[in-house]
Amino acid sequence: MPRFYFNILSEAGSLDDWEGTELADLDAAHMEAVRDARALMSSAVLLGYDISSRSVEIRNETGDILLVLPFSEAVKQMG
């Protein structure tokens, strides 16, 4: 199974995922990114922060950027 890396991007820089997660394909990685973004935003809202301007960057094992998911888009997506 391929390994995907989920980096969090903000105005201040990036928080890199050095471990990665094995998932079946890019569709599964996209759904994982949506779940991660939603969870991070939920935690931030409870603390009084708005982090909706951040993004999740999905990379493959060779470091290629496969997809960038804005947190704001994660709220709008079903699933």
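In this predicted model, strands E1 and E4 pair in the antiparallel sense, over 5 bridges. Within that pairing, Leu-9 has Ser-55 of E4 as its bridge partner.

Strand E4, residues 55–59, is also joined to strand E5, residues 65–70. These two strands run antiparallel and are linked by 5 bridges. Across this pairing, Val-56 stands opposite Leu-69 in E5, and Glu-57 stands opposite Val-68 in E5. E4 and E5 form a hairpin with 5 residues between the strands. In this hairpin, Gly-63 takes a positive phi near 95°.

How many of the 5 residues of E4 are buried? The count is 4, and the strand is mostly covered. In a regular strand, side chains alternate between the two faces of the sheet.

The largest nonpolar core has 16 residues. The members that touch the most others in it are Phe-6, Val-56, Ile-58 and Phe-71. Strand E1 (3–10), helix H1 (26–46), E4 and helix H2 (71–76) are the elements that give two or more residues to this core. H1 gives the most, with 6 residues.

Leaving out residues up to four places away in sequence, Val-56 touches Phe-6, Asn-7, Ile-8, Ala-33 and Ala-37, among others. Its contacts also include Leu-67, Val-68, Leu-69 and Phe-71.

The structure holds 4 salt bridges, including those in the table.

| Salt bridge | N to O distance |
|---|---|
| Glu-32 and Arg-35 | 3.0 Å |
| Glu-57 and Arg-59 | 2.8 Å |
| Lys-76 and Glu-73 | 3.5 Å |

Glu-32 and Arg-35 both lie in helix H1, 3 residues apart, which is about one turn of the helix. Arg-35 is partly exposed, with a relative accessible area of 45%.

Lys-76 is exposed, with a relative accessible area of 59%, while Glu-73 counts as partly exposed at 32% relative accessibility.

Definitions and conventions. Residues are numbered from 1 along each chain as its sequence is written. This is a predicted model: local features need pLDDT of at least 70, side-chain atom pairs count only at pLDDT 80 or more; totals for chains, interfaces and linings use all residues. Side-chain values use heavy atoms; hydrogens and water are left out. Two strands pair if DSSP finds at least two bridges between them. A nonpolar core is a set of buried Ala, Val, Leu, Ile, Met, Phe, Trp, Tyr and Cys residues joined through side-chain atoms within 4.5 Å. Buried means under 20% relative accessible area, exposed over 50%, partly exposed in between (1.4 Å probe, protein chains only). Contact means heavy atoms within 4.5 Å. A salt bridge is a side-chain nitrogen of Lys or Arg within 4 Å of a carboxyl oxygen of Asp or Glu.
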